[in-house]
Amino acid sequence: MIDWQILGSVIADAIGAAIAAIGFAVISNPPRRAILYAALLAAVGHSIRFVLLKYAGLDLASASFVAAFSIGMLSLAAGYRIFCPATVLYIPALLPMIPGMYAYRTVFSLIRFLQSSGNDNEAIHYLLEIFKNGITTASVLFSLGVGATIPIFIFYKRAFSMTRAANRPKRQA
Amino acid sequence: MASGVHTSRIVRNTARIAESFGFEAHMTLFHKTISMTLRSKDNAHVYSTVSTAKSGAINFEFNSELSALSWEAYDNHLPLDTLWEKFHAITSKPRMNPWAVWILVGFANASFCRLFNGDWIAVAAVFVATLVGFRIKQILHFNHYFVFTISAFVASLIASITMWQHWGTTPDIAIGASVLYLIPGVPLINGIIDIIEGHVLAGTARLINALLLIVCIAFGMGITLLMMGGKLL
């Protein structure tokens with residue numbers, strides 16, 4: 001039996017991620033044909049992370065790693081289809097997962113920490129916040145980058161000849 | 001370098017073109033300079049050059065089309081003039097309509113806010129804040145860092161109206177999300193890819209660059225937070 005509420009929240013998450021990916025993709029002026037695929041990848045990746053976070057109890061960094069890995073894999077397949085380097089597809093797809101909120105909270109607590117002179121309890125609280133959010137930001141960023149790059153190392157030859165026209169008829173590098 | 005491609009792709013594509021002319025290319029890439037040595041296969045001719053890497057906006061279309069061009073040169077042994085012709089045809093393509101980008105970024109950042117569980121009032125505030133902030137970034141063309149600071153400041157100021165007026169239940173998310181369109185995601189990810197692939201210096205340079213921009217965003221947002229003062233907690 002499908003739980004409609006879960007399904008609905010996953011779909012809402014996917015749509016949000018897709019819109020975000022389109023918007024952030026167009027800043028970097030990609031080829032038109034790549035935009036749709038980037039949005040699709042972002043939707044898949046972000047909903048994978050959403051499900052892992054919510055229902056599998058994974059932490060943010062590991063969930064991001066799995067999501068980034070699947071985006072990397074799919075971007076290889078999609079890039080081959082539409083004649084684009086994989087990076088052009090997966091970087092916009094990763095952007096909605098950049099831990100901006102944690103980066104913001106790090107800065108925010110830093111400012112509060114600077115203002116909390118004379119009150120040690122408050123200072124310690126904000127110090128903890130700085131480290132918690134800062135470490136989350138750094139580790140998620142790192143796992144996004146590494147996770148998306150691993151598929152490229154696995155299929156090294158193929159990943160770098162994707163834009164090669166001569167490959168088309170033979171279907172294999 | 002500036003169009004948002006990672007270092008090893010530049011090295012590979014250049015070497016590929018060189019090989020189609022019967023040369024070996026070896027290059028060192030830094031953030032601002034490229035030094036390259038070409039050597040013919042029989043070691044009879046060696047040419048070296050050092051040039052400055054132009055800075056410019058990120059452009060994924062160049063990234064993919066030029067990569068395709070390098071394969072075409074490698075496979076079909078294109079003569080140099082044809083290569084230049086195709087190169088200029090690619091690099092003179094116009095960018096996307098800035099107004100279309102503008103609207104799409106607004107929607108993107110608004111849906112970003114939604115992903116962080118902001119309520120609809122926060123989403124609307126982020127939408128407006130992003131439109132204004134991004135327009136500022138598009139119009140101003142002086143120092144990069146300064147533009148980022150101003151843009152972050154204005155966007156977060158507009159979003160903080162929700163907090164000031166007590167609209168909605170999640171004004172903190174609105175303020176946090178309002179500056180996210182500025183986060184330099186492409187250099188961050190490219191920097192990590194570069195480091196993994198062994199171009200540690202170039203990767204670190206990219207990361208530091210991105211970090212400086214983030215500090216600017218934080219500074220711009222910090223001005224807003226200081227202005228709003230104690231109301232924020």
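Visitor: Where does A:N133 lie?

Guide: A:N133 is found in helix α6 of chain A. Helices (H or I, at least four residues) and strands (E, at least two) are DSSP runs, numbered from the N terminus. The model is predicted: local features need pLDDT of at least 70 and side-chain atom pairs count only at pLDDT 80 or more, while totals for chains, interfaces and linings use all residues. Residues are numbered from 1 along each chain as its sequence is written, chains are lettered from A and ligands numbered from 1 in the order in which they are written, and side-chain values use heavy atoms, with hydrogens and water left out.

Visitor: Why does A:N133 count as buried?

Guide: Buried means under 20% relative accessible area, exposed over 50%, and partly exposed in between (1.4 Å probe, protein chains only). A:N133 has 5% relative accessibility, so the residue counts as buried.

Visitor: Which residues does A:N133 touch?

Guide: Leaving aside residues up to four places away in sequence, A:N133 touches A:Y102, A:R105, A:T106 and A:S109. A contact requires heavy atoms within 4.5 Å.

Visitor: Why is A:K132 called partly exposed?

Guide: The relative accessible area of A:K132 is 47%.

Visitor: What are the elements of the two chains?

Guide: Chain A has eight helices and zero strands, whereas chain B has nine helices and three strands. From the N terminus on, the order in chain B is α-β-β-β-α-α-α-α-α-α-α-α.

Visitor: How many residues of each chain count as buried, as a percentage?

Guide: In chain A, 55% of the 173 residues are buried; in chain B, 48% of the 233 residues are. Chain A exposes about 8,000 Å², with 69% supplied by carbon and sulfur atoms. Accessible areas come from the Shrake-Rupley method with a 1.4 Å probe, and for residues only the protein chains shown count as cover.

Visitor: Why is α8(B) described as largely enclosed?

Guide: Nine of the 12 residues of α8(B) are buried, so the helix is largely enclosed by the rest of the structure. Among the buried residues are B:V186, B:L188, B:I189 and B:D194. Helix α8 (residues 185–196) of chain B reaches 17 Å from its first C-alpha to its last, close to the 16 Å expected; the expected span is 1.5 Å times one less than the number of residues. Just after α8(B), B:G198 takes a positive phi of about 100 degrees.

Visitor: What is the angle at which helices α4 and α5 of chain B pack?

Guide: Helix α4 (residues 98–115) of chain B and helix α5 (residues 120–139) of chain B pack at about 145 degrees, with their axes 8 Å apart. Axes are lines fitted to C-alpha atoms, for helices over the stretch in contact, and angles run from 0 to 180 degrees between N-to-C directions. The residues that meet include B:W99 and B:F107 in α4(B), and B:W120 and B:F134 in α5(B).
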